Amino acid sequence: EMAKALGAKAISSSTKLSVVPAIDAAAKRYKMRVGLHNHSLIRPGEITTPDDFAAALRGRSEYIAVTLDIGHFTSAGFDPALWFRQHYRDVISLHIKDRKKDQGPAVPFGEGDTPINQVLRFTRENARNIPALIEYEYDAKDTVAEVQKCFDYCKKVLLS
């Protein structure tokens with residue numbers, strides 16, 4: 001109701017697999033798309049793996065989609081560029097951050113294992129309607145300057 005009142009066309013939500021049916025029911029009732037956001041820790045009931053995404057989407061309405069956090073997907077041991085190429089029609093938004101594999105930390109863009117360049121270029125060429133949102137999660141002295149560096153990194157990739 002709040003998102004609708006604010007004029008939002010869609011929202012993203014972290015959730016558990018067991019809650020997805022209720023989210024789907026609410027999404028249908030309010031005609032609001034919901035992107036299910038993944039995290040990196042593989043635990044029962046969480047949305048983390050490709051199989052978790054498949055289970056979350058199976059049998060759901062057109063209002064349920066994916067918010068793919070490419071940093072978390074990488075850290076969990078999966079290839080977000082490959083998954084995105086295969087499933088971009090199920091994605092409502094991207095969270096862009098760089099992380100190291102194997103539950104590694106978030107790091108400045110270009111210093112981790114996340115294939116940011118591949119994901120952004122695929123988006124530019126094939127999925128321009130999907131917003132790519134910078135998700136700043138590493139520590140630095142000047143947050144504003146770091147977010148600007150993240151933006152500049154993405155801009156350079158998209159213009160190349």
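Buried here means under 20% relative accessible area, exposed means over 50%, and partly exposed lies in between (1.4 Å probe, protein chains only). The views below come from a predicted model, in which local features need pLDDT of at least 70, side-chain atom pairs count only at pLDDT 80 or more, and totals for chains, interfaces and linings use all residues. Residues are numbered from 1 along each chain as its sequence is written, and side-chain values use heavy atoms, with hydrogens and water left out.

**View A. E146 and K149 pair up in helix α7.** Their closest N and O atoms are 3.1 Å apart, forming a salt bridge (a side-chain nitrogen of Lys or Arg within 4 Å of a carboxyl oxygen of Asp or Glu). Because the two are three residues apart in α7 (residues 143–159), about one helical turn separates them. Helices (H or I, at least four residues) and strands (E, at least two) are DSSP runs, numbered from the N terminus. E146 is buried, at 11% relative accessible area.

**View B. A salt bridge joins E46 to K16.** Here the closest N and O atoms are 2.3 Å apart. The pair links distant parts of the chain, 30 residues apart: E46 sits in the loop between β2 (33–37) and α3 (50–57), K16 in the loop between β1 (10–14) and α2 (20–30). E46 is buried at 11%, while K16 is partly exposed at 40%.

**View C. P105 sits in a loop.** This loop runs between β5 (98–99) and β6 (106–107). P105 is exposed, with a relative accessible area of 52%. Leaving aside residues up to four places away in sequence, P105 touches D98, R99 and K100 (contact: heavy atoms within 4.5 Å).
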